[in-house]
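Dear colleague,

Please find below the structure for your review. A summary of the findings follows it.

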Amino acid sequence: MQTDNHSGDTRENHLHVRTWFGTERRHAFRSPFYELYPRPDLRGEADRDLARRSIAGVFSYFVIWLIIYLAIEFDQLNRSLFESLGLLLAAAAIGRLYLALYFKPLYLAHAVRWRLLFSFGTLMSAAIWGGVTALALKYEGINIPSIMVLLSTAGIAAGGIVSLSPAPRLGALFVAVLL
């Protein structure tokens, strides 16, 4: 228990968390994404802004992947791996689009869950695109298709920093995972 010396108020050092079934429990554990926002009083507004900003760029990964897929000549094994990464990018994009389009009902039902799912989807997109970049560099070396991938990765990193600015720590994690 903590005691506030000025008012004599006692508070427990626990976090109230709604479970998946809607009941509340006290936890000493905080989500790793709990402190992604510098000002906790603006979390709702920051999350709404994140959802709004993510709609525009949600399919950019997949479109860039498609352009690169058409530009690079793969052997059969590498083609299958690259296609699998493209499928994962499309799945992550659909999940993020769902979270963004249905922000209000999902967020009102459970804000912490929305925040965790959005962060997971964002970081998964970065990790998958990092895999695309690594695969292109490994099999193409430094030539035109791999430079296209590197330029795309730089653009995605810059766009991620801007679009994730309401949650700067999430933006930093995004760039770290992407690169």
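**Salt bridges**

D49, R52 and R53 are linked in a network of salt bridges, a salt bridge being a side-chain nitrogen of Lys or Arg within 4 Å of a carboxyl oxygen of Asp or Glu. Please note that this is a predicted model, in which local features need pLDDT of at least 70 and side-chain atom pairs count only at pLDDT 80 or more, while totals for chains, interfaces and linings use all residues. Residues are numbered from 1 along each chain as its sequence is written, and side-chain values use heavy atoms, with hydrogens and water left out.

With a relative accessible area of 16%, D49 is buried; R52 is exposed at 55%, and R53 is partly exposed at 28%. Here buried means under 20% relative accessible area, exposed over 50%, and partly exposed in between (1.4 Å probe, protein chains only).

The count comes to three salt bridges. One of them joins D47 to R115, with the closest N and O atoms 2.9 Å apart. This pair links distant parts of the chain, D47 in helix α1 (residues 43-57) and R115 in helix α5, 68 residues apart. D47 is buried, with a relative accessible area of 0%, and R115 is buried as well, at 8%.

**Aromatic pairs**

The whole structure holds eight aromatic pairs, defined by rings of Phe, Tyr and Trp (its six-membered ring) whose centres lie within 6.5 Å; planes under 30 degrees apart count as stacked, over 60 as edge-to-face and the rest as tilted. Among them is the stacked pair W65 and Y69, at 5.0 Å centre to centre and 15 degrees between the planes. Both W65 and Y69 are buried, and they are four residues apart in helix α2 (residues 60-71), which means a separation of about one helical turn.

W114 and F118 are also stacked, at 5.0 Å centre to centre with 10 degrees between the planes. These two residues lie four apart in helix α5 (residues 111-140), and both are buried.

Yours sincerely
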